[in-house]
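Please look through the sequence and the model below before reading my notes.

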Amino acid sequence: MRYVISHAKIHTDLLQKIQELSGQNVFDCYQCGNCSSGCPLVEYMDYAPNQVIRLAQLGALDELLESETIWICATCLQCSSRCPKGVDVSKVMEALRVINLRNREGRISPDDIEKMTDEEVKELPPIVLVSAFRKLSG
Ligand code: SF4
Ligand code: SF4
């Protein structure tokens, strides 16, 4: 697939939001791959952690927001502790989850969760619960 890079495509409000929510500058990453080589869940991801950062650098934000990776990440912080550039990749993952949930039609809110049955709540990935409640905090 041909992907055209442009300044306008990269420097979007959405990228600014990712950086604002995560407190990370994705352009600090030089793609050494240390984050991905230490990630215990990388084999289950559609994009490895370093690829997530690369896609953010390239402005491919739709791919990121639709990726499985952001929900598979367990926020174990292994990637963040291994980064020689001090990029906290897990915070970028969390920012992407928050943006995804905020953008979603029919997104899950704390009120929705209270209306669900115990069985329905058990079916939700734990990270959805965490992110649903975090939406209230900024
Ligand atoms: S470890 Fe840091 S510099 Fe290396 S690829 Fe991952 S985010 Fe980028
Ligand atoms: S925080 Fe997420 S991306 Fe980073 S090593 Fe852990 S599971 Fe992998």
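Predicted model: local features only at pLDDT ≥ 70, side-chain atom pairs only at ≥ 80, totals over all residues.

1. Residues are numbered from 1 along each chain as its sequence is written, chains are lettered from A and ligands numbered from 1 in the order in which they are written, and side-chain values use heavy atoms, with hydrogens and water left out.

2. The chain has 11 helices and zero strands, where helices (H or I, at least four residues) and strands (E, at least two) are DSSP runs numbered from the N terminus. Of its 138 residues, 41% count as buried, a term that means under 20% relative accessible area, with exposed meaning over 50% and partly exposed in between (1.4 Å probe, protein chains only).

3. Around ligand 1 there are 13 residues, the closest being Cys 29, Cys 32, Gly 33, Cys 35 and Cys 83; a residue belongs here if one of its heavy atoms lies within 4 Å of the ligand. Cys 29 is counted as buried because its relative accessible area is 17%, whereas Cys 32, at 40%, is partly exposed. The structure holds zero disulfides, a disulfide being a pair of cysteine sulfur atoms within 2.5 Å.

4. Ligand 2 is also surrounded by 13 residues, of which Cys 39, Cys 73, Cys 76, Leu 77 and Cys 79 are the closest. The elements that give two or more residues to this shell are α7 (78-82) and α8 (89-103).

5. Helix α8 also packs with α2 (residues 13-22), at an angle of about 125° and with the axes 8 Å apart. The axes are lines fitted to C-alpha atoms, for helices over the stretch in contact, and angles run from 0 to 180 degrees between N-to-C directions. The pair is therefore oblique, since angles under 35 degrees count as roughly parallel, over 145 as roughly antiparallel, 65 to 115 as roughly perpendicular and the rest as oblique.

6. Which residue lies in the loop between α3 (34-38) and α4 (49-58)? Tyr 44 lies there, and Tyr 44 counts as exposed because its relative accessible area is 53%. Although Tyr 44 and Ile 72 are 28 residues apart in sequence, they are 7.4 Å apart in space, C-alpha to C-alpha.
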